Amino acid sequence: MNVSERIAKLKDLMKSRNIDAFIVPSYDAHQSEYVADHWKCREWITGFTGSAGTAVITLDECGLWTDGRYFIQAENELKGSGVKLFKMREPGVPTFYEWIADVLPKNSNVGIDAKIFPLAVVNTMKDKFKAKNINIKDGDLIDQIWNDRPSMPMSVAYDHDVKYCGKSRIEKISELREKMKTIGANYNIISSLDDIAWLFNIRGNDIHCNPYVISYALISLNEAFLFIDNKKVDSDIKSKLKADEIVIKGYEEVADYIKSLPEDATICFDPNKTSYWLYSAIHKNVKKIKGINFTTKMKAIKNSVEIENLKKCQVNDGAQMVRFMKWLKQNVGKEKMTEISVDQKLESFRAQIDTFVTTSFDTIAAYQENGAMMHYKASEDKNSELKAEGFLLVDSGGQYYDGTTDITRTFALGALTDEQKRDFTYTLKGHINLAQAKFLYGCTGANLDILARRPLWEQGIDYKCGTGHGVGFFLGVHEGPQNISPRMINVPIEAGMVTTNEPGVYKEGKYGIRIENTLLAVKDMENEYGTFMKFETISLCPIDLDAVEVSLLSDSEKNWLNEYHKTVYDKLSPILNEEEKQWLKIATRAI
């Protein structure tokens, strides 16, 4: 079936169930950003392959809501499907629930799969629908028409050694219980897979590029439960978990177990990471405390062992980036290269590292105009051949036992226009502004975002995404609760948080530019005014000097770039051979 046929089939089912609109989000049952193929319902029904978006199908219309990272991609992928694109957060564009409330008549029915919808979103919809008495009905309609739907992922869980992560699961659970006591909670439901993986020091391969295993967790003040398919737990990990007094129960048992909790219990959970289905299993008399998962905040602040390992990881990852960059710059135009082949080449370099597991996301290798699509992915149908001219944007990273990396470099493959060099240099100025930031403790990412945008705003340029996101430790490449973005999130930047710095320029039909490094937040100084913070750049790879218009940089910016490149050379050269060292010496030359 093509997209139009799938939508027609869904509408027929909606009519038979008296459903006036059906919502298909990007979530899985754990409200994940990236999901296993089994849960790619929104992609299946619309044809849009981006990681973020919500589809709404009414009996008369179909819409897809997605953010600025995917506007160009969505327009291309939705052509001819009959699905209208709604550009989120653009002026005059309603949210999907505002749109539903506007177009549906009173007493309509809206269908959702409650197993995948977060409680917070359902509550927002209920508020918006109240005036028209629009009802929400539960049911997974997609499952009834997706005949060849992929099965649930079944990777086996494995242990993440404490020599990498720094704290045992017993220590982490004990710290979590102390935090639960501070709010009077005696139970904590955890649905989010990254939180569960971090808390129990387990990893898996259930989601592409994300080392998770599908599961739920429930922590009480004296017991810890892991709800997981028994086939995912071999004798080795089972014995380790049991030795640490973790009770293993079946994945499907979670709702029934929560229903059985005593009515005088007090339970805490994250309404953005807990499904409406799971919430509905909690007895009405149980006291409920809603807030960001304690584990989300705990894992965002890396401990000293994690930081030490991550810095080693960045050295190894950076050396392979240098080898890739050297190969690319020396051979482009001399041998055939495509976006897919350079992606494969870079992965082959990373795979030589002993601790490498997989890439941390699908590499974005985007030549010239393809770089304007922030989350572009080459395919056999669209795979540009590289020439010795213009820009190649490569956004990539690795999952290693000793850390997760995420780095973007935009390479000059040959001659550039004045416009290209100018845009690259203003992107670099924004990157340096943020990297140099000194700020008072308590600042959030929203307070700092302007530092990266200002040089571009002064040229009348903006990018339709955040400037930075948190990065996990052998976990998700996108991790909260912190970010650097115009959108206010009331989470201060703490010492030990790892966040990206990635301003960019995206000109449709021309090119894309992004310069991304990873920042470690550290304390700088304390005085009578308070505690001041700063960033340490821990990614290590040359920024392509062939694309820099030096006359546009201030002395301070040139000094930062020279110091950064000196650090890159000093830290990477000891593990490079003589020829690679000589190449790196030139690539990190002072300007």
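This is a predicted model: local features need pLDDT of at least 70, side-chain atom pairs count only at pLDDT 80 or more; totals for chains, interfaces and linings use all residues.
**Entry 1, cores.** I looked up the largest nonpolar core and found that it has 75 residues, with I23, F96, I100, M125, F200, I219 and I267 having the most contacts inside it. Helix α9 (residues 193–200) gives this core its largest share, six residues. For I23 I set aside the neighbours within four places in sequence, and its contacts then include F96, I100 and M125 as well as V56, V110 and F117. I also noted a second, separate core of 67 residues, with I407, L434, A547 and L553 among them.

On the α14 side I listed V322, R323, M325, K326, K329 and Q330, and on the α19 side E579, E580, W583 and L584. By class, this contact has four nonpolar, one polar and five charged residues.

I counted 39 salt bridges and looked at two of them. The side chains of D244 and R169 meet at 2.8 Å, N to O, and this pair links the loop between α10 (235–243) and β12 (246–249) to helix α8 (residues 169–182), 75 residues apart. R169 is buried because its relative accessible area is 6%, whereas D244, at 23%, is partly exposed. I traced shared partners and found D159, R169, D236, K240 and D244 joined into one network.

For E98 and K128 the closest N and O atoms are 3.9 Å apart, with E98 in helix α4 (residues 96–103) and K128 in helix α5 (residues 119–129). E98 counts as partly exposed at 34% relative accessibility, and K128 counts as partly exposed at 39%.

Note on methods:
Residues are numbered from 1 along each chain as its sequence is written. Side-chain values use heavy atoms; hydrogens and water are left out. Contact means heavy atoms within 4.5 Å. Helices (H or I, at least four residues) and strands (E, at least two) are DSSP runs, numbered from the N terminus. Ala, Val, Leu, Ile, Met, Phe, Trp, Tyr, Cys and Pro count as nonpolar, Asp, Glu, Lys and Arg as charged, and the others, Gly among them, as polar. A nonpolar core is a set of buried Ala, Val, Leu, Ile, Met, Phe, Trp, Tyr and Cys residues joined through side-chain atoms within 4.5 Å. Buried means under 20% relative accessible area, exposed over 50%, partly exposed in between (1.4 Å probe, protein chains only). A salt bridge is a side-chain nitrogen of Lys or Arg within 4 Å of a carboxyl oxygen of Asp or Glu.
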